[in-house]
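Here is a short briefing on one protein chain. Keep the structure open while reading.

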Amino acid sequence: MAAAAASRPFLLLDDRAVYHEYSDWEMVECECQSKVAYGCGPLGQQIVEGLTLLADLRSGDDDEGGVPSLAVHATNDVLGRFEEEAQVISEIDDELLKIVGTKVSLSTSVEAADDEAGVLVLYVSFHHEKELGDLQSYHLVYDRVTASLSLLPYVPTHCEAAYTNCPLLVRHPGDGGYTLVLTAVEAEQHDELGRPVLCSWTPQSPSLVNGGVGPWQIRQRRHAAAMPDRFGWEAQAFTYKGKAFWADLTKGILYCECADLLNDCDDASAVEFTFVALPEEYRIDELEYKHRAMGVGVGDSVWFVVLESCDHPGDTTVVVLSLDLSDGATERQWERHLELSLLSIWALEGFVEAGLPRRVPWSPFLREQDAGVIYLLLPRAVPQGTGCHLIGIDVRDSSEPRLVRPRRLGITPWMFNQQPVLLAPDFFDRRRKDEEALNQLSI
């Protein structure tokens, strides 16, 4: 029997980063040599210095116990500061406050990860455990190359996030740096609609640290074509071949040039965006639960993957539409690239031998490193319990699809994001290599 098609190994990270106080796992503290708060108010530096990022890497992708996970620990001093704030902002009377208390907890999740830049971006929210709601939310950025933690305001003042809450990481060509980009709406006074803007942050900007004009630089964005109503909300964001994409899986894809995002321009210089709608038959009002994905295709294309369900599970079809973004493409429109029935997937060489169940998959995703491979999750066969299987289908030769080595996952690895958190297996072990690369750049 021929071996299943090989794929570059990767680490699939649980996006449910936990608050370390409630974790029973043995975790290792991620190396951190500096901690800086950018524009987070007078207490920002104290907050970031009281935060620690930890990792549990004992569980491999094939471990029944789960998948590798992150956690954030906050010191009692930091939590105490927010408990004081909870007491100040409370609108309930003193007697009820004595009953519910002001105990504050921490919620965290992984928003974005980038292997090449060596960066993790986490959502961190301090909230009251009972009645008082959220107190403050931030983005926490871990940079493996510089071994640093950066704390950023969730959104700039007078702005609301648009399309997605998760920042998009845009790498700088040549210098190893990066910029985080948020799509947002800036609401002026008495302006209900607001204006579409981009908020960007680049590390190590001295003029913007603590007490400066704030960490987020704001620029206008302009759409070359009419945008559909209610674009987003949980858009999948990614970069590929010099372009930045925000994909609404119900309506279409919005993109611009990465170079335009990185150019130092004033606020009056708007970034031009292009929108390409999905074919009419694929436009829907509500997203079917994790049955769609967009991402890197083959060559200069972006792929849209949709699982089309049928009354009989075996008739379910994996459909791939391709959007050609090459310079030679005469027009930007989606073309049907391939169809793959679930029956044909079940019949792939190695499927039965791997003990995979004949079940309907969900949560497709694509990786730039494995262009042409469609990854899917498969439910476990009853009564094997919780968790799922991860499989890949190599369709670079559409006439002869091949099975990529399946993995067993003890839990469903991503719950909060529309796309998984993927890292190289040695992400947390590459500090020495990164230091060597930095030394080479400084020569």
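Predicted model: local features only at pLDDT ≥ 70, side-chain atom pairs only at ≥ 80, totals over all residues.

The chain has six helices and 28 strands. Of its 443 residues, 53% count as buried.

**Overall make-up**

- Among contacts in the chain with a separation of 6 or more, 58% come from residues 24 or more positions apart.
- The chain exposes about 21200 Å². Carbon and sulfur atoms supply 47% of that area.

**A four-stranded sheet**

- Four strands form an open sheet in the order β20-β21-β22-β23. The pairing is antiparallel.
- Strands β20 (292-296) and β23 (334-341) are the edges, and each pairs on one side only.
- Neighbouring strands of this sheet are turned by 20 degrees against each other on average, direction ignored.
- Strand β22 covers residues 317-324 and runs antiparallel to β23. Seven bridges join the two.
- In this part of the sheet, V319 stands opposite E339 of β23.
- As background, strands of a sheet pair through backbone hydrogen bonds, either parallel or antiparallel.

**Aromatic pairs**

- How many aromatic pairs does the structure hold? The count is 10.
- A pair of aromatic rings is described by the distance of the centres and the angle of the planes.
- The ring centres of F126 and Y138 are 6.4 Å apart, and the planes meet at 80 degrees. Over 60 degrees counts as edge-to-face, so this pair is edge-to-face.
- F126 belongs to strand β8 (residues 119-128), and Y138 to strand β9 (residues 134-143). The pair therefore ties together parts that are 12 residues apart in sequence.
- Buried means under 20% relative accessible area. F126 is buried, because its relative accessibility is 0%. Y138 is buried too, with a relative accessible area of 5%.
- Y282 and F304 have ring centres 5.9 Å apart and planes at 80 degrees, so they also form an edge-to-face pair.
- This second pair links distant parts of the chain, 22 residues apart. Y282 sits in the loop between β19 (271-277) and β20, while F304 is in strand β21 (residues 301-308). Strand β21 is also part of the four-stranded sheet.
- Y282 has a relative accessible area of 4%, so it is buried. F304 counts as buried at 0% relative accessibility.

**Cluster and charges over rings**

- F10, F365 and Y375 form one aromatic cluster.
- R407 lies over the face of F10, at 4.4 Å from the ring centre.
- R144 lies over the face of F427, at 4.6 Å from the ring centre.

- Most residues other than glycine have a negative phi, and most peptide bonds are trans. Two residues deserve a look here.
- H158 is not a glycine, yet its phi is positive at about 70 degrees. H158 is found in the loop between β10 (148-153) and β11 (159-161).
- Is H158 buried or exposed? H158 counts as exposed, because its relative accessibility is 61% and the cut-off is over 50%.
- Y163 is not a glycine either, and has a positive phi of about 75 degrees. Its place is in the loop between β11 and β12 (168-171).
- Y163 is buried, with a relative accessible area of 8%.

Terms used. Residues numbered from 1 in each chain as written. Heavy atoms only, no water. Pairing = 2+ DSSP bridges. Axes fitted to C-alpha atoms, helices over the stretch in contact; angles between N-to-C directions. Phe/Tyr/Trp six-rings, centres within 6.5 Å; stacked < 30°, edge-to-face > 60°. Buried < 20%, exposed > 50% of the residue type's maximum accessible area, 1.4 Å probe, protein only. Lys NZ or Arg CZ within 6 Å of the ring centre and 35° of its normal. Contact = heavy atoms within 4.5 Å. Areas by Shrake-Rupley, 256 points an atom, 1.4 Å probe, with all protein chains shown as cover.
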